[in-house]
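Please read them with the structure open beside you.

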Amino acid sequence: MSEKSFRSILTGSFSTPCADNPTVAMIEAGYHHAGLDARYINCDVKAAALADAVKGAKAMEWVGFNCSLPHKVAVLDHLDDIAESARLIGAVNCVAIREGKLIGHNTDGKGFLTSLKTVTSPADKKVVILGAGGAARAIAVELALAGAAHITIVNRDASKAEAIAALLREKTDAIGQAQAWSGKFSVPAGTDILINATSIGLGDPKAAPPIDMSTLTKDTVVADVIPNPPQTRFLQESQAIGCTTLDGLGMLVNQGVIGVEIWLGRTLDSTVMAQTLESIFGTENK
Ligand code: NDP
């Protein structure tokens, strides 16, 4: 008999719709480059089928899976344990399966934090986050846990901004503040880090969040969560002012790297994964 194993390590993703999610290509490129016999299977799982999908992953001894819309909150009902930041965020996008137990994590904010740390530390910083959806909440919690001093959440629906600000005040050492967003937003003096965590700019290179760019100075680090196109209009205009910028592609790649570290204890090559996404997005944008 051959010594070769014909059994691959299984990972994947549960979401719906799932056909436009390129994570499978990015992660499998990383697995291949690392010489890992591992697969990432992109599954279309409807809301009503989540429990069966989770049972299936467990039965087939998958080592873990990502969950995206609409399962990030619903999956909480199926977990045995949950990591601290995911508990605070109230959503899970990455589940590890160890000895039949399911442990929930949230890598959205962690992926952002890893990118941010390549240019600056969040510790003691004054941060402004535009948007109050799932991405904003995950980023706010991770930045607060990483020592950011002051975080302002700016959103059209002020009640959503206030919910995140209150969470920061109650559960972390950061000072959380909410601001309603109407008209053009003026960047407060002394802002160290400004983050677009809205969906403005996704698939639209001409769209930019309504900001009075004359209030932005080159001392502010500017980040965008939008992965496609990576060079959003907001980032381009910030670069023209002289700001250091971070794109959403880095956040997406880093969350993939962190997920595989949680599942397999292996660190994939982020450059190979970024190049894979860039070539996919480059083709899409032609
Ligand atoms: P949500 O739908 O939960 O939140 C969207 C947010 O954008 C809300 O705060 C909404 O404000 C705001 N918004 C949308 N349109 C406008 C507008 N025209 N003017 C002002 N505010 C607006 O989405 P998510 O938080 O899950 O995702 C946000 C973006 O982050 C998406 O584009 C997603 O692709 C990206 N993302 C990127 C990741 C990465 O790895 N790079 C990871 C996760 C997300 P309101 O509440 O007032 O409606």
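Which residue's side chain does the side chain of D108 join through a polar contact of 3.0 Å?

1. The partner is K72, whose side chain forms the 3.0 Å polar contact with that of D108; please bear in mind that this comes from a predicted model.

2. D108 lies in helix 4, which covers residues 108–116, and because its relative accessible area is 9%, below the 20% cut-off, D108 counts as buried. Leaving aside residues up to four places away in sequence, D108 touches K72, N93, A138, M251 and Q255.

3. The UniProt annotation "binding site", which comes from an unreviewed entry, covers S68, N93, D108 and Q255. These positions are spread over 188 residues of sequence, yet they cluster in space, with a largest C-alpha distance of 12.6 Å. Two of the annotated residues, N93 and Q255, are also among the residues that D108 touches.

4. When residues up to four places away in sequence are not counted, S68 touches F14 and S15.

5. Turning to another residue, T152 belongs to strand 8, residues 150–155, and is buried, with a relative accessible area of 7%. Its contacts, again not counting residues up to four places away in sequence, are with V127, V128, I129, Q177 and Q179.

Methods
Residues numbered from 1 in each chain as written. Predicted model: local features only at pLDDT ≥ 70, side-chain atom pairs only at ≥ 80, totals over all residues. Heavy atoms only, no water. UniProt positions renumbered as here; feature names shortened; annotations may be inferred. Contact = heavy atoms within 4.5 Å. Helix = DSSP H or I, 4+ residues; strand = E, 2+ residues; numbered from the N terminus. Buried < 20%, exposed > 50% of the residue type's maximum accessible area, 1.4 Å probe, protein only. Polar contact = N/O pair within 3.5 Å; in protein donor to acceptor, adjacent residues only side chain to side chain.
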